[in-house]
Amino acid sequence: MTDTAKEDLVMEHLVTLTYHERLTDNLNRFADGLLEERIIGAKCPSCGRVFVPSKGYCSLCVVPTTEADEIEVPDTGIVTGFTIVTPVAYYGQTKTEPFVYASVRLDGADSTIGGQDVTGVPQSELRAGMRVKAKWKPREERSVDGMTNRGWSGVDGVVESFEVTGEPDAPLDEYKDHLF
Amino acid sequence: MPATDIAIVGYAQTPSLRDANPSEVQLLVPTVAAAIEMAGIGRREIGFTCAGSCDYLTGGPFAFVSNLEAAGAWPPISESHVEADGAWAMYEAWMRLQEGDIDTALAFGSGKSSPSNPSEVWAQQLDPYYLAPLAPDPISLAGIQARALLDSGKATERDFAQVVANSRHNAASNPNAQLKDAGASVDALLAEPYLRNPLRKHDCPPISDGAVAVVMARGDRARSLCERPAWIRGFDHRVEAHQPGVRDIRSSSSTALAARKAGYDGGPLDVVELSSTFSPQELILLESLGLAPDGPTKVNPSGGALAGNPIMAVGLVRIVEAAARIIDGSANRALAHATSGPLLQQNLVCLLEGE
């Protein structure tokens with residue numbers, strides 16, 4: 001052993017992976033609907049559950065859903081759960097202040113839309129069960145470009161936030177089986 | 001519990017598609033359902049499920065999780081996943097069946113190569129110090145292998161073209177094949193330009209999307225579910241050094257070893273289905289198995305991987321194609337092969353027989 005300091009060998013290996021992907025047919029129809037302020041889900045022909053957006057199949061019954069199974073749901077719903085995120089700096093993080101990350105069960109849907117902002121109430125007063133309504137972005141600002149087949153960015157490009165309506169909270173039974 | 005007492009009793013596959021619009025899981029949903037339906041069992045009866053796929057192909061972390069929805073994972077099921085071809089998923093399910101406490105298992109494999117650039121994605125499986133930074137694309141690597149094979153005197157470019165012509169002819173009667181041409185001629189193929197000398201475009205696999213599923217059952221359960229099950233007489237996989245530069249890429253010692261460990265003794269085979277994604281590899285694999293390209297064994301009657309290469313499904317498709325011929329009675333003994341890693345690094349052999 002010598003005590004001469006040696007430098008570590010550092011090797012940089014930069015990788016770029018490019019993917020070109022079209023939306024699946026069901027998500028394409030969902031995206032088209034959003035641009036017209038219509039939220040489209042699919043009703044499972046077997047169990048009747050409504051998934052928003054459609055996956056093209058019911059993940060519980062494992063049966064495909066088609067355009068014929070698709071229905072429109074209202075833009076009102078219930079906050080089923082939420083967290084307040086205190087952002088830390090990482091690549092791609094644009095937020096600097098604590099923000100709401102809520103799941104919303106739209107009326108008539110059995111699935112939730114995750115990662116939504118809830119406005120019209122201080123963060124300290126936000127609670128599960130609150131009734132909300134979509135606050136749509138101005139038509140010229142709407143975009144579905146960020147939507148992917150991987151379930152990210154469902155309504156983010158068209159809905160600014162979900163605004164509390166001030167109606168009485170929904171009872172737990174209305175959403176306890178639809179938390180996530 | 002003898003290892004041989006397990007059989008394939010149901011299978012299904014999508015056609016090999018150039019650019020499928022459905023998502024990977026949307027391809028899987030009807031495929032898994034069809035395999036289970038062919039087996040004639042209820043979905044909830046399946047004792048164990050194993051899936052094979054690659055998140056690098058899908059382009060999203062944990063993409064494999066949603067694939068599991070095709071098996072129906074609620075209420076929870078006993079399942080596993082391999083980041084490998086579905087043939088390895090089937091291997092794990094076959095091992096699990098040998099525990100003896102369950103009598104049916106499901107395995108599937110799926111992949112969509114069309115959204116990504118194979119040259120970028122497949123460079124990532126190379127070692128990160130010496131090869132990956134050079135980013136050799138899979139066709140260039142296969143070209144080095146082809147050149148080594150030519151230089152050894154074991155094969156000619158005409159032999160490569162003959163492999164392709166056979167593939168195109170055989171694929172003509174396979175509804176799931178992507179590239180088919182009943183009229184393909186060796187001379188016409190040789191007249192085409194090089195893509196990576198000495199490989200021409202047709203020596204390389206197409207870019208494919210697809211999915212495949214099998215249902216296995218043990219012993220009398222298999223006999224009750226299927227008139228003529230495809231019995232798995234042996235199943236083995238072996239791996240060589242990762243770095244292609246330290247092994248003999250003109251032969252496949254791991255294929256020879258896997259075949260021997262799977263119980264293949266050089267006896268007669270009616271059918272062999274090989275995951276040779278480049279035409280020279282078919283010659284390498286045949287030699288490692290002691291088979292002649294024009295012998296009594298039918299080589300890749302489906303057209304093989306040159307006719308459709310849904311990566312992560314293509315190996316299990318070979319097993320399904322071999323099993324289909326046992327189940328329909330047109331073959332009695334068949335060998336199927338799957339591969340993984342650069343230039344035939346890891347090889348799997350499944351030996352199937354009728355009863």
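Trainee: Which residues have the most contacts inside the largest nonpolar core?

Mentor: This is a predicted model, where local features need pLDDT of at least 70, side-chain atom pairs count only at pLDDT 80 or more, and totals for chains, interfaces and linings use all residues. Residues are numbered from 1 along each chain as its sequence is written, while chains are lettered from A and ligands numbered from 1 in the order in which they are written. A nonpolar core joins buried Ala, Val, Leu, Ile, Met, Phe, Trp, Tyr and Cys residues through C-beta atoms within 7 Å; buried means 20 or more other C-beta atoms within 10 Å, exposed 12 or fewer, partly exposed in between, with C-beta atoms placed from the backbone. The core has 150 residues, and those with the most contacts inside it are A93(B), V214(B), M216(B), A323(B) and L352(B).

Trainee: Which helix gives this core its largest share?

Mentor: Helices are DSSP runs of H or I, at least four residues, and strands are runs of E, at least two, numbered from the N terminus. The largest share is ten residues. They come from residues 314–327 of chain B, helix α12.

Trainee: Is E83(B) buried or partly exposed?

Mentor: E83(B) sits in the loop between β3 (79–82) and α4 (86–97) of chain B. It has 13 C-beta neighbours inside 10 Å, so E83(B) counts as partly exposed.

Trainee: How are α6(B) and α11(B) oriented to each other?

Mentor: Axes are lines fitted to C-alpha atoms, for helices over the stretch in contact, and angles run from 0 to 180 degrees between N-to-C directions. Helix α6 (residues 138–151) and helix α11 (residues 279–289) of chain B pack at about 55°, with axes 9 Å apart. Angles under 35 degrees are roughly parallel, over 145 roughly antiparallel, 65 to 115 roughly perpendicular, and the rest oblique. Therefore α6(B) and α11(B) are oblique.

Trainee: Which residues of α11(B) does α6(B) meet?

Mentor: Contact means C-beta atoms, placed from the backbone, within 7 Å. From α6(B) come Q145(B), A146(B) and L149(B). In α11(B) they meet P280(B), L283(B) and I284(B).

Trainee: What is the orientation of α10(B) and α11(B) to each other?

Mentor: Helix α10 covers residues 253–261 of chain B. Its axis and that of α11(B) come within 8 Å and cross at roughly 45°. So α10(B) and α11(B) are also oblique.

Trainee: Which element gives the largest share of the side of chain B that touches chain A?

Mentor: The contact takes 24 residues from chain B and 19 residues from chain A. Elements giving two or more residues to the chain B side are α1 (24–39) and α5 (118–121). The largest share, four residues, comes from α1(B).

Conventions. Two residues are in contact if their C-beta atoms, placed from the backbone, lie within 7 Å.
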